[in-house]
Amino acid sequence: ELETVRVEREETAQALRAAQDALLALEQQLQRVKTERDQLGQALTSARQAEAEARRDEAGAARDLNALSVREAGLRSATEMARRSAVEMQDQAVVLRRRLVDAQARLAQADAPIREGQIAAKGCEGVVRDATEGLRQRRDALAAAGGRMEAAQHALQAADVQCDALSSTVQAAEVELAAARSRWEALDAQLREAGLDADAIEARIPGAATIEAWERKLAQLARRIEKFGAVNLAAIPELEETRGRVTYLAAQRSDLEQALATLEEAMRKLDHETRDLFRSTFDRVNLRFRECCPRLFGGGQAALERTEDDWLAAGIRVMVQPPGKRNASIQALSGGEKALAALALLFALFELNPAPFCLLDEVEAPLDDSNVGRFCALVRDMSQRVQFIIITHNKVTMELAEHLHGVTMREPGVSRLVSVDMREAERLAGTEAPAVEVGA
């Protein structure tokens, strides 16, 4: 056993050494992993820094891109403007070329008379020479005629002075004539546009009329026109449009006035008919209310009164005085008396416009037995013309019914509908009952 234990101890020691070696190897591997993790952490930090720098570079690039986009847009607009300017300059150049061609043509046309004059001048040189010779021959005659020439010069100077004066007068007259002709042409054009005849207008001018008077009148009219201010050229179309609008609005107003008159007439008819209908309905309900209230109260008096004289604007005041009371308002009545007054008004309205049946839900709950008896008597009289469906827990009202329908619970949680034909039951007893259905 000791040998076995020794062998096992050796094997355990070997296994322990192997485990220690494996642990050492694992620790070395763990150290390498930690080193790699540190390196990866540093690489991750560097990568994050690089990513941040890349993002900053991207933002800067985006800003630069935006600036370049703005600059590109500006350059495009400037290019477009330059292109338009170039097109305009080309158009101007075409126009200038055309003008140059026209000027050259006019210059060529002007050069032709000059050349013709030069040719004529050359032809006239011989004539001048001949005239010079003749002039020499005639100088003697001219010297002889000098005395006469001096006298003629004095006369010529006087004639020149007169000629200058006449020339000025003629020029002034020509200017006035041109101005008068232009005014005449303008006036003639205006007369033609207006469809008038100058001769007819001239024939209508009084004989005593003078230019000064007409000029003063023209000045007065010019001052009045200046006071009017600038001429609105769109006034005539606006006037026509306004006239059309006024005509349309006048037609619309006429239609509206007719419609308003029709509506007012219809309203008057409706008011008249409503007043008549309300008056007749009020009288009938008031009459029936005066009959029902004493029956339900066993005496007393009741009435419906208007709060105002106008039937359409008046309110309704309910006046009820039970026997032995002098109350001033319905608010002074007890709960049962208010219930009786409400039933009397309800039956009065129901009698005015009856229906095939009348449904009453515990309307007699606030009443005592004597008042319930009077209520049942009134229902019995009206049941000859109207079928009543009454929901009640009052035994006196149940005795009035022809059919009874109720719910019973013989077992806990189990409901059962029970129906009783009171006519059949009373027939067995030898009596008859009015046609009233009561649900208990």
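Modeller: A disulfide is a covalent bond between the sulfur atoms of two cysteines, and here a pair of cysteine sulfur atoms counts as one if they lie within 2.5 Å. Please keep in mind that this is a predicted model.

Biologist: How many disulfides does a search of the whole structure find?

Modeller: Take Cys292, which is buried with a relative accessible area of 1%, and whose closest cysteine sulfur, in Cys293, is 7.6 Å away, too far for a bond. Cys293 is likewise buried, also with a relative accessible area of 1%. When the whole structure is searched, the number of disulfides found is zero.

Biologist: How do the axes of helix H5 and helix H6 cross, and is the crossing left-handed or right-handed?

Modeller: Helix H5 covers residues 235-297 and helix H6 covers residues 335-352, and their axes come within 8 Å of each other, crossing at roughly 135°. That angle makes H5 oblique to H6. The crossing of these two helices, H5 and H6, is right-handed.

Biologist: Where on helix H7 do its buried residues fall when seen down the axis?

Modeller: Helix H7, made up of the 14 residues 369-382, spans 20 Å from its first C-alpha to its last, close to the 20 Å expected at 1.5 Å a residue. Its buried residues are Asn371, Val372, Phe375, Cys376, Leu378, Val379 and Met382. Seen down the axis of H7, these buried residues fall within an arc of 160°, so they line one face of the helix.

Notes: Residues numbered from 1 in each chain as written. Predicted model: local features only at pLDDT ≥ 70, side-chain atom pairs only at ≥ 80, totals over all residues. Heavy atoms only, no water. Helix = DSSP H or I, 4+ residues; strand = E, 2+ residues; numbered from the N terminus. Expected span 1.5 Å × (residues − 1). Buried < 20%, exposed > 50% of the residue type's maximum accessible area, 1.4 Å probe, protein only. Arc of directions from axis to C-beta. Axes fitted to C-alpha atoms, helices over the stretch in contact; angles between N-to-C directions. Parallel < 35°, antiparallel > 145°, perpendicular 65-115°, else oblique. Left-handed = near helix turned anticlockwise from the far one by under 90°.
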